[in-house]
Amino acid sequence: MDGIQLNTRLSDQEMAKLNMQVDSFNKSITIEGRKVQRDLGKDDFLKLLITQLSNQDPTSPMENTQFIAQMAQFSSLEQMTNMNQEFAKMNSMLVSSQAVGTIGKTVDITLGDTKTTGVVEAVTYGANPQVRVNNMYYDMKQISAVYGE
């Protein structure tokens with residue numbers, strides 16, 4: 001273009017706003033009203049077991065040992081799923097606690113090649129807590145340094 005120079009760099013505030021919009025959109029993505037699931041869960045395992053039992057050869061039914069082994073696998077899967085859910089809750093609490101610990105502290109926020117510094121005014125809770133610095137919200141993972149009072 002002749003003599004026209006476009007500024008394609010986003011400010012820190014524009015970048016933070018864009019990040020929040022992208023996160024919000026990604027959390028809302030669904031297919032036909034339900035979220036896409038890429039992992040097999042306990043319900044899938046039960047469906048497979050029921051299908052297997054329903055379609056077995058009546059003259060040669062599944063042996064008791066096979067059935068017991070599959071039920072033990074199902075029980076183990078259920079316990080691992082429950083543990084995973086509890087670990088996710090605990091992780092959320094720890095990260096939120098870490099965010100609360102930054103209130104009143106001076107932090108460096110890194111946004112790509114730029115860095116901004118300010119005092120943490122407030123935080124949000126949850127799995128991905130955010131800190132408010134200079135009236136803008138940033139993800140905890142964007143904090144590159146925390147300074148004492």
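These are my notebook entries on a predicted model of a protein.

**Ground rules.** I number residues from 1 along each chain as its sequence is written, and side-chain values use heavy atoms, with hydrogens and water left out. Because the model is predicted, local features need pLDDT of at least 70 and side-chain atom pairs count only at pLDDT 80 or more, while totals for chains, interfaces and linings use all residues.

**Layout.** I looked up the secondary structure and found three helices and five strands. Both are DSSP runs numbered from the N terminus (helices: H or I, at least four residues; strands: E, at least two). Along the sequence the pattern reads α-α-α-β-β-β-β-β.

**Burial and surface.** I noted that 21% of the 149 residues count as buried; buried means under 20% relative accessible area, exposed over 50%, and partly exposed in between (1.4 Å probe, protein chains only). The accessible surface, by the Shrake-Rupley method with a 1.4 Å probe, comes to about 11500 Å², and 54% of it belongs to carbon and sulfur atoms.

I then checked Ile109 for contacts (heavy atoms within 4.5 Å). Beyond its neighbours within four places in sequence, Ile109 touches Thr114, Lys115, Thr116, Val131, Val133, Tyr138, Gln142 and Ile143.

**Cavity.** I searched a 1 Å grid over the protein atoms alone for sets of points where a 1.4 Å probe fits but cannot get out; lining residues have an atom within 4 Å of a point. The count is one cavity of 30 Å³ or more. The largest cavity has a volume of about 40 Å³, taken as the space filled by probe spheres set on the points. Among its lining residues are Ala16, Asp23, Gln130 and Tyr138. Helix H1 (12–28) and strand S4 (136–139) each supply at least two lining residues, and H1 gives the most, with four.

**Loop between S3 and S4.** Most residues other than glycine have a negative phi. I found Asn134 in this loop with a phi near 55°. Asn135 lies in the loop between S3 and S4 and has a positive phi of about 65°. Asn134 counts as partly exposed because its relative accessibility is 40%; Asn135, at 59%, counts as exposed.

How values were computed: 1 Å grid on protein atoms, 1.4 Å probe; cavity = no way out; pocket = protein on both sides within 12 Å on 5 of 7 lines; lining within 4 Å.
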